[in-house]
Amino acid sequence: MDIKINETTVVVFDLDDTLYNELDYLRSAYKSIAIFVEPKDWKALYSKMFSLYRCKFNVFEFVANTYKIEIGHLVEMYRNHQPDIQLFEGVLEVFDAIKSKNGKIGIITDGRSKTQRAKLESLGILNYLDKIIISEEIGSEKPSSANFEAIENALTGAEYYYIADNLKKDFLAPNALGWKSVALIDNGKNIHSESHMYMEAKHRPKAFVIDFSDFNIS
């Protein structure tokens, strides 16, 4: 997909399952919890936790009952651990290309401030970002247009792009606002896998890409 960038272009990205796989965050959190509660045999516990998750069991309930730990404490550990996650291949090349053309880069993501900012820090992209919109910080979640209007108010532009993955909620507002919306197709590991249910015009992005190598920034 060709994107022409200049100083009036604002390219905004979702975070989870757009810049990295959210499943890797879950794995990172489970590993952290397993090491805490079973330091001498954490790999076996981690294996069981991830297997239980894949089989749709309540992992926190299993750990809480087995190790006599409050579920609330496990949830806090999950949310507040330092994540071990990696960007999708090609993300930094796209970011570098946008910046080389004086374009602006933003993030719109739902979630808790501490958790989402820890992810951005772990991914090593904070220095690229001109504006970060996190739902907890502004009191509004996608698909509300408020999150996208906050970007427009912060970053003046003639053309706005939103690159995301979740057809259920990601593209309703940017489509209505006249942004150019782009969906990153599920690589088979996405947390949300119901895109087939949201193919009508208001949910559909203007374009689909397989991965970041599909972008041609000029």
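Guide: The following account begins with one helix pair and then turns to two further helices. The model is predicted. Two packed helices are described by the angle between their axes and the distance between the axes. The pair consists of helix α3, residues 59-67, and helix α4, residues 71-80. Their axes come within 9 Å and cross at roughly 125°. The helices α3 and α4 are therefore oblique to each other, and α3 passes α4 in a right-handed crossing. On the α3 side, the contact is made by F60, E61, V63 and A64, which meet I71, L74, V75 and Y78 of α4. By class, this contact of α3 with α4 comprises 7 nonpolar residues, 1 charged residue and no polar ones.

A charged residue also deserves attention in helix α6, residues 113-123, where K119 lies. K119 has a relative accessible area of 3%, and because buried means under 20%, K119 is buried. Leaving aside residues up to four places away in sequence, K119 touches L15, D16, Y20, E22, Y25, P83 and I85.

Helix α8, residues 146-154, has the buried residues N147, F148 and I151. Seen down the axis of α8, these fall within an arc of 100°, so they line one face of the helix. The cover over the buried residues of α8 includes the strands β2 (9-13), β3 (104-109), β4 (131-134) and β5 (159-164), together with the helices α7 (135-138) and α9 (172-177).

Terms used:
Residues numbered from 1 in each chain as written. Predicted model: local features only at pLDDT ≥ 70, side-chain atom pairs only at ≥ 80, totals over all residues. Heavy atoms only, no water. Axes fitted to C-alpha atoms, helices over the stretch in contact; angles between N-to-C directions. Helix = DSSP H or I, 4+ residues; strand = E, 2+ residues; numbered from the N terminus. Parallel < 35°, antiparallel > 145°, perpendicular 65-115°, else oblique. Left-handed = near helix turned anticlockwise from the far one by under 90°. Contact = heavy atoms within 4.5 Å. Buried < 20%, exposed > 50% of the residue type's maximum accessible area, 1.4 Å probe, protein only. Arc of directions from axis to C-beta.
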